[in-house]
Amino acid sequence: MNPFCWRLLFLFMMSILLHLKVNAQARVSIGIEQIAQRTAYLNRQVKLSNYELEPTWGRATGIQVRMDWRKKIAIQSGILISQQGQKYSYNVADKDSLGNPITRYLYTRRFDLSYYKVPLTFHLKIPISSSFHAEVFSGPQFAFMQNAVYVLDADTIVRKNMSFQETFEPMDWQWINGLGIVGSPTPHFYFFISARMDISMLDADNRKFKSSLWVPSKNFTAGVSFGLRYQINPPKKVKI
């Protein structure tokens with residue numbers, strides 16, 4: 001894993017520990033997360049209009065570190081391993097002497113991308129009952145390229161002079177938005193399900209020579225996140 005990812009997570013966890021010394025009411029939890037997501041990689045080439053975008057699916061798995069305070073506010077980070085990319089299709093129809101289509105060829109291409117993602121989201125909690133609350137969240141995300149593969153008609157394309165991965169920015173700065181429901185059956189355990197999406201804020205393409213009509217390339221994912229969290233220091237009940 002990219003050492004910078006570990007440093008970001010370490011600094012975040014240290015900031016939590018320092019905050020706990022100052023604010024005894026802060027509550028820390030750790031968790032696991034799975035994401036089923038629809039993915040896209042758009043505007044890879046200026047003349048990509050010959051190809052049609054095909055539905056592309058991926059998944060992400062990761063861990064969470066979260067700090068709740070003031071009952072309605074939380075901050076969350078962690079590490080995600082995200083499998084994503086984009087499929088394209090290109091249809092070519094042959095015609096007979098009368099101009100009637102007789103044979104149709106389907107060409108496909110696919111970008112298989114893998115990222116390490118470090119999100120930093122701010123959550124606003126909306127109480128529903130004593131055991132449930134809704135929340136909306138938003139924040140930046142740092143996506144570090146792990147691997148990239150170009151597949152054309154089921155054959156992996158290997159470049160001799162430059163790897164396909166090197167045509168992408170090594171770090172893609174993104175933004176996350178989402179909303180979800182959180183339940184707490186016990187003081188220590190929480191389960192959650194949320195809808196989330198993230199998108200590149202800058203050009204994700206790293207090629208040096210681009211035409212004047214170049215359109216920035218964007219990573220995009222949208223999906224459903226679910227998982228469990230364990231709260232290390234739940235609030236103490238006040239005895240009357």
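## A tour of the chain

Some ground rules come before that. This is a predicted model, in which local features need pLDDT of at least 70 and side-chain atom pairs count only at pLDDT 80 or more, while totals for chains, interfaces and linings use all residues. Residues are numbered from 1 along each chain as its sequence is written, and side-chain values use heavy atoms, with hydrogens and water left out.

### Overall layout

The chain holds 1 helix and 10 strands; here helices (H or I, at least four residues) and strands (E, at least two) are DSSP runs, numbered from the N terminus. Read from the N terminus on, the elements run α-β-β-β-β-β-β-β-β-β-β.

Of the 240 residues, 39% count as buried. Buried means under 20% relative accessible area, exposed means over 50%, and partly exposed lies in between (1.4 Å probe, protein chains only). The accessible surface of the chain comes to about 14300 Å², and 63% of that belongs to carbon and sulfur atoms. These areas come from the Shrake-Rupley method with a 1.4 Å probe, and for residues only the protein chains shown count as cover.

Among contacts with a separation of 6 or more, residues 24 or more positions apart account for 71%. A contact means heavy atoms within 4.5 Å.

### The core and its rings

Which residues make up the largest nonpolar core? It has 12 of them: Y41, Y88, F111, L113, Y115, A143, M145, A148, Y150, F164, F168 and A204. β5 (101–127) and β6 each supply at least two residues of this core, and β6 gives the largest share, 4 residues. A nonpolar core is a set of buried Ala, Val, Leu, Ile, Met, Phe, Trp, Tyr and Cys residues joined through side-chain atoms within 4.5 Å.

Rings of Phe, Tyr and Trp (its six-membered ring) pair if their centres lie within 6.5 Å; planes under 30 degrees apart count as stacked, over 60 as edge-to-face and the rest as tilted. By this rule the count comes to 10 aromatic pairs. The ring centres of F164 and F168 are 5.1 Å apart with planes at 85°, so this pair is edge-to-face. Both F164 and F168 are buried. W173 and W175 also form an edge-to-face pair, at 6.3 Å centre to centre and 70° between the planes. W173 is partly exposed at 30% relative accessibility, and W175 is partly exposed at 31%.

Ring pairs link Y41, Y88, F111, Y150, F164 and F168 into a cluster. Within it, Y150 sits in strand β6 and counts as buried at 12% relative accessibility. The C-alpha atoms of Y150 and G85 are 9.9 Å apart in space, although the two residues are 65 apart in sequence.

### Charged pairs

Side chains of opposite charge can pair when their charged atoms come close. The structure holds 6 salt bridges (a side-chain nitrogen of Lys or Arg within 4 Å of a carboxyl oxygen of Asp or Glu). Three of them are listed here.

| Salt bridge | N to O distance |
|---|---|
| R66 and E135 | 2.9 Å |
| K117 and D198 | 3.3 Å |
| R196 and D198 | 3.2 Å |

R66 and E135 meet in a salt bridge. R66 lies in strand β3 (residues 57–69) and E135 in strand β6, so the pair ties together parts that are 69 residues apart in sequence. R66 is buried at 0% relative accessibility, and E135 is buried at 5%.

K117 and D198 meet in another salt bridge. With K117 in strand β5 and D198 in strand β9, the pair ties together parts that are 81 residues apart in sequence. K117 is buried, with a relative accessible area of 1%, and D198 is buried at 1% as well. D198 also forms a salt bridge with R196, and R196 is buried too. Elsewhere, salt bridges that share partners join R66, D68, K125 and E135 into one network.

### Back to the surface patch

I32, I63, I128, F132, I181, F191, I193, V224, F226 and L228 form the nonpolar surface patch, with about 890 Å² of accessible area together. Patches are made of residues with over 30% relative accessible area and no salt bridge: like charges are joined within 9 Å, nonpolar side chains (Val, Leu, Ile, Met, Phe, Trp, Tyr) within 5 Å. β9 (189–200) and β10 (218–231) each supply at least two of the patch residues. One member, F132, lies in strand β6 (residues 132–152) and is partly exposed, with a relative accessible area of 36%.
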